[in-house]
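Biologist: I'd like a close look at one part of this model, taken slowly, and then some idea of what surrounds that part. Please start with whatever term I need in order to follow you.

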Amino acid sequence: MQKFKNTILLLMQLVILKSYSQNFTVSGYVNDLKDGESLIGVTVSFPALKKGTVTNGYGFYAYTLPAGTYEIVFNYLGYKAQKHTIILDKNLSLNIKLSESSSEIGEVVIKAGDSKGKQQVQSTEMGKLNIPIELIRKVPTLFGESDLIKVLQLMPGVKRGTEGTTGMYVRGGGNDENLILLDEAPVYNTGHLLGFFSVFNSNSIKDVSLYKGSFPAQYGGRLSSILDIKMREGNDKKFAVQGCVGVIASNLTVEGPIIKNKCSFIVSGRRTYLDKVIRVLTKENSFPYYFYDLNAKVNYKINDRDRIYLSTYFGRDVLSAASNPDDSLNAGINSFVGNFTISARWNHVYHNNKLFHNISIIQSNFKYDISGKVINNSVLVTSKIQDIGAKADYEYKATAKQDIKFGLIIMNHLFRPNVISTQGDITKFLESREGAKIYNQELSIYGSDDYDVNARLKINMGARISSTFVTDKVYAGFEPRMAAKYAINENSSVKAGYARMKQYLHLVSSAAISLPTDLWYPVTKNVKPGTSDQLSAGYYRYLEKHKINITAEVYYKWLNHLIEYREGANLILNDNYEKELVTGKGTSYGFEFMVQKNEGRLSGWISYTLAWSNRTFPELNNGKTYYSKFDRRHDIAVVANYTISKRWSVSGAWVLSTGAPFTARVAQYLMPNPTFTGIDVLPVYTSKNAIRLHTSHRLDIDITYKSRIKSRYKGEWHFGAYNVYNRIQPSIIEIKQNKDGLGYHYQENGIFGIIYSVAYNFQF
Amino acid sequence: MKKLIYLPLVLFCAYACKRPKPLIITLPETEKKLAISSVVIPGNILAVSVSYSFSALVNNNDSIGNNVFDSSLYNQFLVDHALVTISYNGVTDTLFKLSPGVYATSRVLAISNSIYSLNVYDSAAGQNITAQSTMLPRVLFDTLYFIKSKTVKDTGIEVHFSIKDDQARENYYMLSYYNAAASPVYNALFHNAGKQKFIRVELYNDQVTDADGKIRIDKSFFIPDKNDTIIVQLSNISKGYYEFLSAYKKSDQLIYQLLGEPVTLPTNIIIGYGYFNTCNPSFELVDLSRL
């Protein structure tokens, strides 16, 4: 191990030989004073130099400077800033604990908020959304369940799928083009109850970053976005409990120290109970569905240089309608859909204080079982995907101007689709089968350099080499990543970037319906990896006086080797799905604008997206280009939270979105069958996705009352309403007879009208 | 009086509990077009059906709201006053009206590899369509036999056949089985009134042939009457017609309508729907009662 470390250090020294000899590094972790949670994205600045850095995903920072005396300031939104004077005549370890600013009205907070606002302007990152976790809890949502994905859907460039669900389409890409990482482990199914609730329990989440363009080199594997979610580590000072009792679900989080200041844990669980309530009220099992999930994490600070983490997520959707022997049909259905992830990580700071690594071992499983029984027939269908892999990420703070990252990831995927077991007469039509075991491996290495060319210009150059091994074929891809920032002044900048992404998996699902039973498959000899090339540029401005961030970005994305399904393709239980796929290309382009205010009595944002998303497949729509099903021309979201008093606050979200395109049956004709022995009626459709649903809009509100403020036990009531003015939120297309009885019409119907909710949050 | 302040809140809640109104989607008007189908019957007979397309949302029992076919609908959309001509090898023949919407001629010579041009003029709507089709060589079964396969519970029918494939060209085949009850012509001959109809159409291409260039197929299927008389029809069809029939089969099945992508049916009709085909089939009659 020591030999390996030395080799890496030697390599770094060769690359940055000049700078290594005269500079010293200040480094350390930044944590919350109250509970010991590491703080991500804290601005570490040297005001005299007008330079600085930010803490990484583990709260670690490092900055290299020539020997001297410096003032160093730590800034983080919602926390009191800390100022220290350091004498840098040797490498210095400086761990910081920040205390929360009292966010009560009237108290002045020293310019902590400037850090986030300026960070966005000063970094080379673009197309990145960082969602403060407090914000997730404030935004009103369906049934009052705070939901990370639904908050993301209110951001520019992120569009929602079917109303009320957690489908997420980023910059014209499909739902399967988003890589979702929970403490480094990929999560394949992000929705409970057909997607109406996301699997992420907001009480267990610490930080959320969504990348939709100009992707850093350490991320890859999907074409359109990376959603990186970090779980909380747990309070290492004292035991704490928080929870929420809601209309259909409740959650409880317990955290505390195992060894004070060294080792802590957090366990967070959630379950719906509509099944139990209905059973008590009706004495019948008329809603035999529930879901639950459990997040747990343990972390241990071995010393100032080494920390280890073990985190896991486990969630299930369960439908259990048992058969009744008294019923003549004796019919029953059972199903469960579940994710499981576990990751073990080791953070280490090397002795020169410049090199930091995170090594992870990851496992992720997604499985579903559906079994049904009618009379003497039974069928069980099972599918699963299992990932086991390892990842090593290194960060090297070479000089004050240079920040280098490199690493590798190796992942073994096992796919086991469509395992079927049948009994009874049904075996004549549906035979039992073991299903194929498909293995493939992905290997990627990456490197990037964030370099300050001068006081105004900063560039980030990187690349990723990815590869996958499938039967009879090896695919490899070079993925260059580039970004540049030019500072117009301290509070405004322009940025531009380019990123290529490769995707070696795809989701095979029926286009007509979306189910959690959609299957993931690897690329094959014939189905090539998808590729996206994205160019983006933007203008960023921070209005210091009003604490407002303004961003405007444009992007153009070329997508190649996309897959779609042949016309009439049927993918249910179809192992020979490859024959049903066609390949083509697409483009997405658009303009995104956002005004965001994270501080003060009034906070929130206004976002607007103007976008196009097209597809061209030689074998679809007569080869003509058509709008993809993710195409929405306009999207507007206005989200606001207003603190009325110490006890009362109100928040609202108004969203407007152009309707989704679809293919409608517009005509039909009579056709004698090929033998002229009968007549059929054949359909005529519009060209693909030529008809659009209506523009949808709705208003959601939430009123919060804090019942206890000063006691150790804190309570908070939430009274909410989803879709306040009760407008149809289209999610179903129906064909209905006209009122006069003459003919039919297409109509959009929704699942939800206005939905009231009440929830009680507590913590002690 | 003070309680009146709650009235607006109560009224709002009452309003809000109303189910919101669905939104009607306005579809573009569809132009009425001619839809064509054709069949060649041994004896130099060519029949062409001509009908109008109609809105998917019209008030009839066969629109998308209902899958039950109403024969009165058929009559409504049949084209009864069309001038239908067929031209090939310098000959032009005008088809006579056989029945409403069906035009036929018994003078068409089946000349392999000749191009047949169809022209239909509908004087009422002033619409004109044209189409072309090549008559492919007739193919015969190399072997064809049926076997009754008995199990404890049921009796099935197995069919085994082979076709000698012309390796010099790309070939597509349509094999259809139907019983006399399904055919207006054979129904009269075999006195099958009241019998359940049986129609099955299968499509093959020549991508899988054995060493001696033959396509061999062994299949079993369910037939309502195991003593019925089956007409087996083999046609060498064009690639275009094969693609049309493939799409036709998909658009006709409920499973695809529910779970599949919409199917666009290809056509060789210029400004129209359907398919003009001139495949020249070979027939076999099989009496299952003698198996």
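Modeller: Happy to. One term first: two strands count as paired when DSSP finds at least two bridges between them. Please also keep in mind that this is a predicted model.

The part I'd pick is an open sheet in chain A. Its 4 strands come in the order β3-β2-β5-β6, and their pairing is antiparallel. Two of these strands stand at the edges: β3(A), residues 51–54, and β6(A), residues 82–88. Each of them has a single partner strand, so one side of each has no neighbour in the sheet. Direction ignored, neighbouring strands here are turned by 25° against each other on average.

Now let's zoom in on one pair. Strand β5(A) covers residues 68–75 and pairs with β6(A) in the antiparallel sense over 7 bridges.

How far can you trust the picture? The mean pLDDT of chain A is 85, and 91% of its residues reach 70 or more. There are stretches to treat with care, though. Residues 10–20 of chain A stay under 50 in pLDDT, and the model gives them 9 contacts beyond four places in sequence. Residues 103–113 of chain A also stay under 50, with 23 contacts of that kind. Where pLDDT is low, the predicted coordinates should not be read in detail.

Now step back to the whole chain. The secondary structure of chain A comes to 6 helices and 48 strands. For its 764 residues, a compact globule would have a radius of gyration near 27 Å, and chain A agrees because its value is 27 Å. Its C-alpha trace spans about 95 × 60 × 45 Å along the principal axes. In chain A, 48% of the residues count as buried. Among its contacts between residues at least 6 apart in sequence, 64% join residues at least 24 apart.

For another piece of strand pairing in chain A, go to β18(A), residues 240–245. This strand pairs with β19(A), residues 249–259, in the antiparallel sense over 6 bridges. A hairpin of 3 residues joins β18(A) to β19(A), and across this pair Cys244(A) stands opposite Asn251(A). Strand β18(A) also pairs with β48(A), residues 755–763, again antiparallel, over 4 bridges. There, Val245(A) stands opposite Tyr760(A).

A loop residue in chain A deserves a stop as well. Gly213(A) is found in the loop between β16(A), residues 205–211, and β17(A), residues 225–231. Leaving aside neighbours within four places in sequence, its contacts include Met126(A), Arg171(A), Gly497(A), Gln534(A) and Tyr555(A). By contrast, Gly213(A) and Asn299(A), 86 residues apart in sequence, are 32 Å apart in space from C-alpha to C-alpha.

In soluble globular proteins, nonpolar side chains tend to be buried together. Beyond four places in sequence, the contacts of Ile36(B) include Val48(B), Val120(B), Ile129(B), Gly272(B) and Phe276(B).

Strand β16(B), residues 229–237, runs antiparallel to β19(B) and is joined to it by 6 bridges. Within that pair, Ile231(B) has Leu285(B) as its bridge partner.

Conventions
Residues numbered from 1 in each chain as written. Chains lettered and ligands numbered in written order. Predicted model: local features only at pLDDT ≥ 70, side-chain atom pairs only at ≥ 80, totals over all residues. Helix = DSSP H or I, 4+ residues; strand = E, 2+ residues; numbered from the N terminus. Axes fitted to C-alpha atoms, helices over the stretch in contact; angles between N-to-C directions. pLDDT = per-residue confidence, 0-100. Contact = placed C-beta atoms within 7 Å. Rg over C-alpha atoms; globule rule 2.2 N^0.38 Å. Buried ≥ 20, exposed ≤ 12 C-beta atoms within 10 Å, placed from the backbone.
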